Amino acid sequence: MLELIHFNILSVLLFSVGLYGVLARKSAILIIMAIELMLNAVNINFIAAAAFKHGGGLFTNFDGHILTIFIITIAAAEVGLALALILRIFRNKSTVNVDQFDMMKL
Amino acid sequence: MNMHLVIFSVISAVLISCALGVVISRNIVHSALFLLFALISVAGIYLVLLTEFLAIVQLLIYGGAIVIVILFALMLTRNEEYPRIQNNKLWPIAGILSVLVLITLSVSYFQSDVIRNASTTISPAGVKSLGSSLFTTWAIPFELASLVLLVALIGAIVIARSDKGGN
Amino acid sequence: MQYFWLIPVISFIAFIITSLVGNKILKQAWIFPVVAIILGLGIYCFGLTEYLQSRFDLEHCVRSSVTGMVGCNYSVGWFSAGVTGKETVDSFLGFTVDPLSLSVAGLAIFVALMVQIYSIGYMKDDPRFGWYYSVQALFISSMILLALSDNFLLLYVAWELVGLCSYLLIGFWYEKPDAKEAAKKAFTVTRLGDVGLLIGVLLIWIEVGSFNMSDLFSYVASGQMESWVIFSISGLLFLGAMGKSAQFPFHVWLPDAMEGPTPVSALIHAATMVAAGVYLVARTYPLFVESEAMMLIVSIIGLITAIGAALICCVSIDLKRALAYSTISHLGLMMLSLGAFGYTAAILHLLAHGFSKALLFLGSGNIMHSIDDLDINRMGGLKSVLPGTTILFCIGALSLAGIPLLSGFWSKDEVIVSIVHNRNILFAISSMILVFLSGFYMIRLIITPFFGTQNRDYSNAHKLPMVMLIPMGVLAVFVVLFGWVALYMPGLPSSFGTFLFYSHPKNFHLEPDIASITLVVTLLSFGAGYLFYVKRISIFQTFKTRMKFLITIIENKYYFDELYQILVDKIVLPIASLVALFDRVLVNDIGINGPGHITRSIGSLIRYHVTGRIYVYLGLMTSGMIILGILWLWIVRL
Amino acid sequence: MAVDCEAMNDFYNIMAFAIIALPLITSLGFMVVPNLASRTCWLISSIVSLVTFGISVLLFVSYDTMIGGTQFGFTVPWLSQGINITFGLGLTGISASMVLLNGIVLLGACLISTDIETRGRDFYVLLLALGGGVFGVFLSSDLFFFFLFYELAVLPMYLLIAVWGSSTNFGSFNRSKEYGAMKLMMVLVAASVLIWIGIIAIYVETYMNGTPTFVFDELRILSESGLFSSGFQNWVFLCFMIGFGVLSGLWPFHTWSPDGHVAAPTGVSMLHAGVLMKLGAFGIIQIGIVILPLGAQTWMPLLMVLGIVNVIYGAVSAMSQTDLKYIIGYSSVSHMGYVLIGAATLNSIGLSGAVLQMFSHGIMTALMFVLVGAIYHRAHTRDIYVLNGLIKTMPHICVLFIIAGFASLGLPGLSGFIAEFLIFLGVIKISLWIAALAVLGAALTAVYILRLIARTIVGPVDPKLENLPDANKYEKIVSVAFASILIAVGVWPALLLDSINVGISSIMSVL
Amino acid sequence: MIEGSNNLLLLTPEFVLAGLALLVFTADLIIPEGKKEWVGRIAVVGLIGLLFVTASTVMGITQPVYNNFLLVDHYSFVFKMIFITVGIITILMSEEFVKTNLTSQGEYYGLVLLAILGMNILVQSQEFLTAYISLELLSFCLYVLVGYSKFNPKSNEAAIKYIIFGTFSSAILLYGLSMVYSVVGSTLYSDIAQVLSTSGFMDPVAMLGITFIMIGIAFKLGIVPFHSWIPDVYEGAPIPVTAYLAIGAKIAAFAFLARVVIGVMLPAEELWSSWKIIFAILAISTMVIGNGIAIVQTKVKRMLAYSSIGHSGVLLSGIVVFGSTNGIVLESLGYYLVGYAVTSFAVFSAITAVTYNNNIELIKDFAGLSDEKPLLSASIAIGLFSLAGLPLFVGFTIKFYLFSSISIGGYLWLAGIAVLASLVSLYYYLIMIKSMYVDVPEQERAHADITVRWPMWIVIILSILMTIALGIYPDPLVNQLNEISDLLK
């Protein structure tokens, strides 16, 4: 039978793949993509929780779904801003690799 | 009833493989496409959870807008080793860390009895009730979200605009 | 009697005035101190006569049960510290008038007057004439204060002030390097001695609860003090006395103190200051008498000092140094007599020696003034050049040698009598040797400078002003008369013994047998001296060559100076530099800077994680996240 | 009559407040008013210090030795919420003489620092802040402001030494002024860390007991009522002892003071050695012994031993120093050792001896620093092998140096002797050997002082140092004033001892 | 339906602020290129007006608003006033800098205003989503502001690092929220607290969720394992933005953390007792590492960054004792934040004035500043001495008040470590002061060509006076703050 635990495990999997993407990837854009994956994992968790617990407990008026909507909007805004910054830094340093961004060390 | 289970497992398998594709593939364009397919399969998951409206929203915004913008960004930031991308030299540690996170979280899920005896019926969420609560109980966050979008918009323009001068 | 406190105060005022206005009225700077001394002498004589006719006002004067002498105490509160409930200490500016203080004060005032008049002539053309007289006045005031004070705190204060004045006066001509070294040496050695005195005073305060001497004596008399406490306190006090009176281990500073002007040596290093040690032992005699061991130690040290100094005096070439050593030997004699329960004899000898030694020093001052040289071998036949000085010098020397009819004879005789009576035969024989030696070196000091052949032309020797000879004359008269006075006190049926005594008055009487033996020994020593120095008889020359080794040791003053020098240079200073090095390297560089360097190195160590690359930071962040996650899982399962 | 005494009382309250506020306001004023020539700043600050000196004398004289206890006290609520701190001042027996000492030394420091050319204005800003801070410490009647003013006194030390100091090279090692300033500042603030923890621990203890307070008198009553357990008292007193001990040059932590002296300019090292080191001893007595008597009794032997080490160690290492200021630095470490011993005796004579020694040593070191500063200003070297026979060229300076030297070796007739004598009396009641060592310490002081005088002051004149000018007008006035105070207290110590005895009696009632 | 009063009048400050921001953006369109500083002046006038508006409307009212998503009470009132004043001072301070260095100057002021709006709502929110969205609003404005001098590669790099770090940590925060949501079912603090505080409730998912939320917030405050972004961003960002970050963002993050701890954690005893110890350990490591690395810094901005990390360690140690004292801690924390803000403005405004037209970064470059510009060096010196906690400056009283309240809460050893940390901090502040006052500059008159205009003068003199005045007589301010402590009573 399909239960909440399945969806949670799926979101954890997606979350850790996204996490790996953020830590391992060199190019900034790929890091942004990986963060998108993590946010989607969060959305899955929210909607699964809302769907399975509807009516029971304190779950009232579809909070989970609305949370997801807000998260999607903010994720979109964030991608826009991040890519603007990436373009700006590309124009200055003609590279997008994160390990070249170490002008500020000791 | 196991029909739901089968569909869910197929879609989640597609989702996880596309996610891994995003993260592992050597070619940057491939990873972008993998991202598109992953997001679409997430929309599928929403359908399994009987929230059609959100699936559509997911498809439209993520599939339509965000991936396209990322592709634009990829196109604009081509440099000499355009298609090839490597991982940074610390990728094994990254792998270990993410596996550890995976283990801790999943252990917590399996341990938690609240999750285990959650109800097994999926209750659908109609668009009408979604809309009404969005504009009544959640009005304040809604206004704020609009401001956030405004700031992102202005910020992106200010940063990306290539005007002359300045040191 | 009650105005005695005026004497030190007047000369202190004289000190202040002369030191302030001294170098302006350069030539007349001597007026204030001399006037102050004369006034002091007046008050003293008035007080003395009042005491002798025993017109005592009873609420101040009391006959002390311990010493048996009548002493009048007047005191006024000085300062008090501590809380009335708990421990308190109250100090008083008090002075006591009793035969002991009268005699020592008298000696001090009289000799000081003579020296001050003498030094008008002697120091006339010195640029710092005013400063000389101001310090003289300060010295006299502190000496009188020392003589009169009735509690140990005031005694210690005066004791230190006297040390200070001797430092200032020895180092008077501070341009001369060895004068300043001598001054430093004198003050340091006496200061080390004073450490013993101060600890002794502290112990007394702990035991008795107050600094007053009379309380101490009554406390001791009541037998509450254990014997070892008595021994240790008297030992410590004696340590201070040894420092000041240049007894055996502490005697090195007195010969060097001759660097100062001669009148200073006459006053301070002959009569008054060096006598302070003897005075202290005499003043605390009831304490010393209680512990038998202490008396023995006092007499032994006195004996060693006497004989050692006498030997050196025989070989020393500089006249003033010879006189200094003879002073040390006579001080040793006084300590010996005190150790041998000869209380009155010691004080009598102290007075007699004071007058005659002052006379001798003024005599050497005359020689110094006229021919600017004090090396005995290069002087000879001065009697033709300085006839007056020679006569006076001989009177002083002979009195010290113990020629009858002069004061030295009576006092020395009394000392010998008390030694023979109270001490065993060994002391008697050694005192006989002492008499011989003193006679021997005295005759040497008379013959070689004055009566030998004239080996230098004294053409340029300038005349001595009268102002220098008069005081010497008066002193000479005193030296002669004092002997008679000591024995048959006019107006009083009995002698000096009844005036100043310990526990019961007893009359001086001449013991014919001892007196004759000492007389024979002195005459023998005169003969030996005459033969040795004038006739240069061969047997003495062979004696000199054979004892070559011994004589060189004596000549180098038993290598004491070198010993102390080694002690300071090789031990104290290296330790000091070692400690300073230890302080800078270990305590400072490691102890204080250490933590600073450690924190700095920790800082640079931590900084390694700052590589600037973002994935390292994100990795750090996720590992932090994982740790917290696992921690919470563990807490939840707990 | 009552009204008038009431009016008199708050006249003195205003005086007590004014003595702190005046220097601080002038220093803030200097900061605000733009371009002031350093000469005018010198003039204004000298006038201000003269006024504060006047007030300190007034306070000292009008302190009624019959009644004792804290007089001229007043409290104003300062932080009324939360941990209700009230600002309060009060003069006790001991702090009366300390305020006088600070008045004198501050006046001296301001008068003689005429040779500050670079940035004179800032120098006086910091100097007056230092003076105001020290006044605050002695007058404050509660722990918080005691600590606040103590830190305020420490604050300007860094800049004063680092900017206007002088670095000297000793061949084998050199002491730059930055090093000296940084070390001094860090060690003093590290000491204040310990004191801070101690103060907070006390406050928390009173808070738990329901009566949160910082005020000394209330704390005294509480500690008498047995609030502080003996275990608590032990470790808190240890914090105070080490914290305040570091400030007063306790043995292992004393190296900051000689290095600080060497680097500091004359005026600053006068205030620093003369007054700042007394804060530590004042703290131990005022806070340590009064509020934590049991702790005092347990730690008293350790303080006694460290004190005697201070004395002997300071004297011996002073013996082999070659720099004048180092010698005086180590001699003040040794003299502070006496103060610590005196405080550690915990009996009334020892304590009054300690307080008198604090006063007399303050004046003595300040006098020595004025003279050494003058010598350095003229001969541009402090090496005792280079300087000799100075008395010929600078008679005034050298005579007073001899007086100061003799005061420090404890010659009777000068204040040093009375103080040390009382301390010896106090110590001998505790243990004979410590007293013997202390007296030996005094003798050692005599050795190195006499060596110093014999080597540099008297003796044949060095041709190079022939034509050095003698002290200028201000140095003469200040040095003669200090010397006459030394002699006055030496000859008639009752001047100070009456008020000190009253102060000590209020403390002894606790023990 | 909507519980709690829907009286939107209580939110007038926010609406006015949003209106003001939009007004500023439109004004930017009208005002010609040369005189963009007038946009800033409009913003300042607006903010001052806003001060009075908030004072009149919201003073002394405690009422949940709008389905108790927001709680308007004295706590949020005090912090709103702080944020608005911080905004005013930042705009005044950055006017000169923006005029000479930045392009598209108008939007700068608009973004600052929107950031203030984000902070206000963040402080008022009683519900995680509103908090998250306002946190994002604040962060987005700061991402843009950090990357504002876009032709300077350092600023771009700082912005990139900040945005990646920011989004990563908000993703973690959201994931934590989703875990808590799946257990509790609601995102309101009160609901979560109610569920968590049921005795014996130790659900791993909820616990991990709370941990992830705490990590998301800790990132913002710069607590140790999550502090790595602060030095790079503070160094890269333009100086006024660094000031705004170091003061505004830090106070907002701290207020939010305090709100969450009081709202969610305190009711659940076992949860809070273990979290106390974790916070204590984190606080100690923050102080040690913050002050430790600062010692060896050579760049001014990086040194100040690490010192601000040290200060957030001190703030965190304040939070540790929340449960055990009746409100004194919150009051002392409020007073600490105000004092910290005033002192940091003294330091940052002076550094802005010195470096606005020559990008000197090293501490050595400040050599000899005290000769040419005595007031600027005095302002920096006073600020640094106050940060180190030396008396007669506000730094001393705030540290004393906070440390005694911490030790009243029973953590005397934590106060001891904090005092030690402030001792270490004195060391590197002294190095900075040494370079200004003692060192001799290489080339003569290195700082001659600095001209300071009237807005900067106002900021510098105001902050110096406040640093000293609050230090000497803090009573009026602390009386204001004492009501916020009844939140904890």
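Reader: Is D:R378 buried or exposed?
Author: D:R378 is buried, at a relative accessible area of 11%. Buried means under 20% relative accessible area, exposed over 50%, and partly exposed in between (1.4 Å probe, protein chains only). Keep in mind that this is a predicted model: local features need pLDDT of at least 70, side-chain atom pairs count only at pLDDT 80 or more, and totals for chains, interfaces and linings use all residues. Residues are numbered from 1 along each chain as its sequence is written, chains are lettered from A in the order in which they are written, and side-chain values use heavy atoms, leaving out hydrogens and water.

Reader: Which side chain does D:R378 meet in a salt bridge?
Author: D:E475, at 3.1 Å, N to O. A salt bridge here is a side-chain nitrogen of Lys or Arg within 4 Å of a carboxyl oxygen of Asp or Glu. D:E475 is buried too, with a relative accessible area of 9%.

Reader: Why can such side chains pair?
Author: Side chains of opposite charge can pair when their charged atoms come close.

Reader: What about chain C, which side chain meets C:K185?
Author: C:D256 does, in a salt bridge of 2.7 Å, N to O. C:D256 lies in helix 9 (residues 253–256) of chain C and C:K185 in helix 6 (residues 177–208), so the pair ties together parts 71 residues apart in sequence. Helices (H or I, at least four residues) and strands (E, at least two) are DSSP runs, numbered from the N terminus. C:D256 counts as buried, at 16% relative accessibility. C:K185 counts as partly exposed, at 22%.

Reader: How many salt bridges over all chains?
Author: The whole structure has 27.

Reader: Which helix of chain D gives the largest share of the side that touches chain E?
Author: Helix 7 of chain D, with 17 residues. That side of chain D divides into 32 nonpolar, three polar and four charged residues. Nonpolar covers Ala, Val, Leu, Ile, Met, Phe, Trp, Tyr, Cys and Pro; charged covers Asp, Glu, Lys and Arg; the others, Gly among them, are polar.
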